[in-house]
Amino acid sequence: VSLWVKCLSPFLRLCGALLPYAGKNIPVQVRFTSDLSSDAIGFNRCFHYPNRKPYHFHSRLVPNGGDSVIEFMKFGLGWRMRYVYEDGKAQLRHDGYIWRIGKLDIPLPLVYVLGRGYADEQAVSDNEFVMYFDIKHPLFGKVFGYKGHFKLTQSPHA
């Protein structure tokens, strides 16, 4: 986590965006949720930092037409991105930030505040994948990132 993100941390925490602590080899569980009345996919992440209570980060991914999706956090703040499959990876390429109020999507010029997001995922086996995510600011370079090796398991509540 860069100094820039540390300065923005109170705002980001309020919006339920990103992670409030730096660390390495942090165990995380991700639970995907959905229901028949919506085309959104819920991401419920739980990060287990040493000597801290678990940190929960919730978002939902909503189709936006074609290869476009929006990941929404609290208060309707969204990261719009395009899915592209290239070089054996599913890539999420930045396409702007928005604020959704009701049915209205308001573009937010936050690239010079937050930076541009990028993520990719690559299958390792039938039930494992590696993921990379970063945010690069146009002036400060990489200001946030994480990566990991994930194994799919069946939920005990399924």
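The side chains of Glu71 and Arg45 meet in a salt bridge, with N and O 3.0 Å apart. A salt bridge here is a side-chain nitrogen of Lys or Arg within 4 Å of a carboxyl oxygen of Asp or Glu. Glu71 lies in strand 4 (residues 68-72) and Arg45 in strand 2, so the pair ties together parts that are 26 residues apart in sequence. Strands (E, at least two residues) are DSSP runs, numbered from the N terminus. The model is a predicted one, in which local features need pLDDT of at least 70, side-chain atom pairs count only at pLDDT 80 or more, and totals for chains, interfaces and linings use all residues. Residues are numbered from 1 along each chain as its sequence is written, and side-chain values use heavy atoms, with hydrogens and water left out.

Glu71 counts as buried, at 11% relative accessibility. Arg45 is also buried, with a relative accessible area of 10%. Buried means under 20% relative accessible area, exposed means over 50%, and partly exposed lies in between (1.4 Å probe, protein chains only). Strand 2, which holds Arg45, covers residues 41-47. The side chain of Arg45 also joins that of Ser59 in a polar contact of 2.9 Å. A polar contact is a pair of N or O atoms within 3.5 Å; within protein, one must be able to donate a hydrogen and the other to accept it, and residues adjacent in sequence count only if both atoms are side-chain atoms.

A search of the whole structure finds five salt bridges. Among them is the pair of Asp120 and Lys89, at 3.9 Å from N to O. This pair links distant parts of the chain: Asp120 is in strand 8, Lys89 is in strand 6, and 31 residues separate them. Asp120 is buried, with a relative accessible area of 9%. Lys89 is partly exposed, at 26%. The C-alpha atoms of Val84 and Asp120 are separated by 9.3 Å, and the residues are 36 apart along the chain. Val84 is buried, with a relative accessible area of 17%.

Another salt bridge joins Asp105 to Arg100, with the closest N and O atoms 2.6 Å apart. Asp105 counts as partly exposed, at 28% relative accessibility. Arg100 counts as partly exposed at 25%.

Strand 6 and strand 7 (residues 104-108) run antiparallel and are joined by five bridges. Two strands pair if DSSP finds at least two bridges between them. Ile98 stands opposite Pro107 in strand 7. The hairpin of strand 6 and strand 7 has two residues between the strands, and Gly102 there takes a positive phi near 65°. Ile101 belongs to strand 6, which covers residues 89-101. Ile101 is partly exposed, with a relative accessible area of 40%. Together with Phe75, Trp99 and Leu104, Ile101 makes a nonpolar surface patch of about 420 Å². Patches are made of residues with over 30% relative accessible area and no salt bridge; like charges are joined within 9 Å, and nonpolar side chains (Val, Leu, Ile, Met, Phe, Trp, Tyr) within 5 Å. Accessible areas come from the Shrake-Rupley method with a 1.4 Å probe; for residues, only the protein chains shown count as cover.

Eight aromatic pairs are found in the whole structure. One of them, Trp79 with Phe133, is edge-to-face, at 5.8 Å centre to centre and 70° between the planes. Trp79 lies in strand 5 (residues 77-86) and Phe133 in strand 9 (residues 128-137), so the pair ties together parts that are 54 residues apart in sequence. Rings of Phe, Tyr and Trp (its six-membered ring) pair if their centres lie within 6.5 Å; planes under 30 degrees apart count as stacked, over 60 as edge-to-face and the rest as tilted. Trp79 counts as buried, at 7% relative accessibility. Phe133 is buried as well, at 9%. The rings of Phe133 and Tyr146 have centres 5.3 Å apart and planes at 40°, so this pair is tilted. Phe133 in strand 9 and Tyr146 in strand 10 (residues 141-151) are 13 residues apart. Tyr146 counts as partly exposed, at 25% relative accessibility. Ring pairs link Trp79, Phe133, Phe144 and Tyr146 into a cluster.

Terms used:
Helix = DSSP H or I, 4+ residues; strand = E, 2+ residues; numbered from the N terminus.
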